[in-house]
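Here are some notes for a colleague who is opening this structure for the first time.

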Amino acid sequence: MRGSQLFSNARVFTGTDETGFASAFRIVDGRFDWVGDAADVAGEPAVDLGGRTVLPGLIDSHTHPALMAATAVAAECFPPSVVSITGLVDRLREHAATLTSASAWVLGRGFDDTKFPEGRMPTAADLDAVSTERPVLVWRCDAHSAVCNSAALRLAGITATTPDPPGARFERGPAGEPNGVLTEIAAVEAVSRFIPVPEREEQRASLVAIGEELASRGIVAVCDLLSNRLHDPLDAFRSAADQGLRTRVALYPGWDPSAPLAELTEDDREGRIRIGGVKVVLDGAYSNRTAWVAEPYPESCDHGLRLVDDEDVLAAGAWARRNGVQLAVHAMGDRALDRVASLFEHEEPWLDGIPSVRIEHATIISEPYAERLRSARMTFGIATHTVFFFAEYDGYELALRAEQVPDAYPIARLYRTIEPLALSSDRPATAWSGADDVMLSVEAAVRRQAYNGADFVPAEAISVAQALLLYTGRAALLSPLEGVGRIAPGYDGSFAVLDRDVFSVPTDEIAAVRVAETWIDGEQVYRRPPEDEEDRT
Ligand SMILES: [Zn+2]
C-alpha cells in the first residue's frame, strides 16, 4: 500500500515484550511508521478499529505448505472428524467417489490410530474396502508413516521378499507379506513416489489458496520445514507469489545424502520467499514410538529409530555453514536431542542475529539440557508445539516414561532459557483438523490440557502474552523471516484484528477467539464473513 494510513482505537499488542501495548499506529508505504497512544493523534483522520485487540501478523515457524500443495487432493482424515478405522474407510470412500481422472489415487491424511476403538493400525486389508483397483494411500497424523492398499503395494512392487529401506519398515504379516503399514519416511516414499504429481499450475493455485487460509488464521509468515516436497520449491513459491501468495516464506529443503543440494546464490537467500536453511530428520516421533530415546519405551526394549548418521548431520551442517543458512534438525527423543547438542555445542556459530542450528519439536527438555543449549558456544533455537500434547495426548501417554513427563514440552522452562523460541503447528503432521489455529495452541500453552481435558504438566503453563510472543516477537528471532513479528517502526505493516480480546476472555474460551481481519503491508487481505453467512456453509 502506498501512502499513509492511521489506525486508532485498538488494544495493540506490539510483540516487543509481555507488556508492550499501544492504542494506535500509522502505516506509511506498507510499513509501520509510528506506534503509540491514540490520545496523541486525536482529531487526525483514522481507521477506527472499534476498541478491538490487534496482534502483529503471526508467524508459523514450523509448517508444511509444500507438502500440502503436493497432496492438495488428499482427504482430511484428522480427529475429531475421523476417530475409527470404519470412519476412515467411509471418509476415503466418499473421497474416492469424487475422483474423475482414471489415474488418480485415493489419498488421505491425518488419521490417528491411538484414538481408534479398534486399537490397531489400519492395514491394506481395511483399505481394500475403499478400492481394489485404484491405489489408496493415507498418511498417519505424524506424516512419518502411512498405510496403503494392495493395489498401491502392487504398483510399488513391494512383496514378501522386498527388504526394508534403511531406517524404515514395511510392516508384515506372519509369512513376511507386507500388510500395507509403512513405518517411517523411507518406507512411505517407496510407495508415495508413484503418486502422479499435480501439474505446476495446480500446485501454484494450491499455494495461493494455502496463503489465503493462513491469512484467515492471522498468519503472515511461515517456515516450510521440508520444502522439497515440491520440485524446485523456490520457483514454485515465487511464481505463486506472482499470482497472489502474500505470505513471507522461509524454505528448508530436506537433506538427502544421495542427492546433495546445489550451492545457493545470493538471490536464493533474499526476498519474501527465500531459502532459510536445510532440514535433517534425525529421529521419528513419540506418538508412534519412533523417537530415538535413551531409556526404552514403557514395557518394551524398543529405543525408537535413529534415521541418519552423524556424518549426514555434519554434512548438512557444513552445507548450511558454507551457504550462510540455518541447519534445522528434527529431534524429538532425548537421545536424538543429546546427539544434536554433542555434534554442535562446541562449534563456532556461522550466522549473526539468528541461531545457526534450529531444533525442531524438541519433546524432552530437562533443565540441565536447556541450560546446556543456552550456554553453548553454538547458537541454538527451538520450534516446538503445544498442539502436539493437546491433540496426541493418548500417544504421549503410551510413549512417555513417567519420569519424563515433567520434561515434556516444558514451555515455561524453554521460555526462560531459550530466546529464539517459537510455538508452531507442524500442519499437516499434527493430529487435529485446524492445527494451525494459533488460538488453539495458545489455549493449550495457557491451560496445559489435552483435547480430553486431561492435565499435561500444568506447572509448565505460560501466560497469553507469553504464548503470543512465541508467535510474534520471539518467533521472529528463530528464522530469517524479516520484517515480521512486531508492530514497530520499520516492520511490515502486517497485523491481525481479533473478534474478542484474547487477553481477557476466560482461559477456556481462548481457542474460540477468531481472527476478524488480516492486513499485510497495509492492505486488508482477509475479512471474516459475518456469522449468518458462515452458518450456511
Ligand atoms: Zn514437521
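1. A pocket, as the word is used here, is an open set of grid points at which a 1.4 Å probe fits, with protein on both sides within 12 Å along at least five of seven lines. Please keep in mind throughout that the model is a predicted one.

2. The largest pocket has a volume of about 1300 Å³. It is lined by 43 residues, of which Ile185, Glu189, Asn228, Arg229 and Asp256 are the closest to its centre. By class, this lining is made up of 24 nonpolar, eight polar and 11 charged residues.

3. Which elements each supply at least two residues of the lining of the largest pocket? They are helix H1 (65-70), helix H5 (185-192), helix H6 (200-216) and strand S16 (277-281), and H5 gives the most, with five residues.

4. The second largest pocket has a volume of about 380 Å³; 19 residues line it, and those closest to its centre are Asp113, Met121, Ser287, Asn288 and Arg289. Strand S11 (169-172), strand S12 (178-183) and helix H12 (393-399) each supply at least two residues of its lining, which by class holds four nonpolar, eight polar and seven charged residues.

5. Are histidine 62 and aspartate 426 buried or exposed? The cut-off for buried is under 20% relative accessible area. Histidine 62 counts as buried because its relative accessibility is 0%, and aspartate 426 likewise counts as buried because its value is 5%.

6. The largest nonpolar core has 113 residues, and Tyr286 and Ile359 are those with the most contacts inside it. H14 provides the largest share of this core, seven residues. Once neighbours within four places in sequence are left aside, isoleucine 359 is in contact with residues that include Val329, Leu337, Tyr369, Phe380 and Ile382. There is also a second, separate core of 20 residues, with Trp105, Ala146, Phe170 and Val191 among them. In soluble globular proteins, nonpolar side chains tend to be buried together.

Methods:
Residues numbered from 1 in each chain as written. Predicted model: local features only at pLDDT ≥ 70, side-chain atom pairs only at ≥ 80, totals over all residues. Heavy atoms only, no water. 1 Å grid on protein atoms, 1.4 Å probe; cavity = no way out; pocket = protein on both sides within 12 Å on 5 of 7 lines; lining within 4 Å. Points joined across faces, edges and corners; volume = space filled by probe spheres on them. Helix = DSSP H or I, 4+ residues; strand = E, 2+ residues; numbered from the N terminus. Nonpolar A, V, L, I, M, F, W, Y, C, P; charged D, E, K, R; others polar. Buried < 20%, exposed > 50% of the residue type's maximum accessible area, 1.4 Å probe, protein only. Core = buried A, V, L, I, M, F, W, Y, C linked by side-chain atoms within 4.5 Å. Contact = heavy atoms within 4.5 Å.
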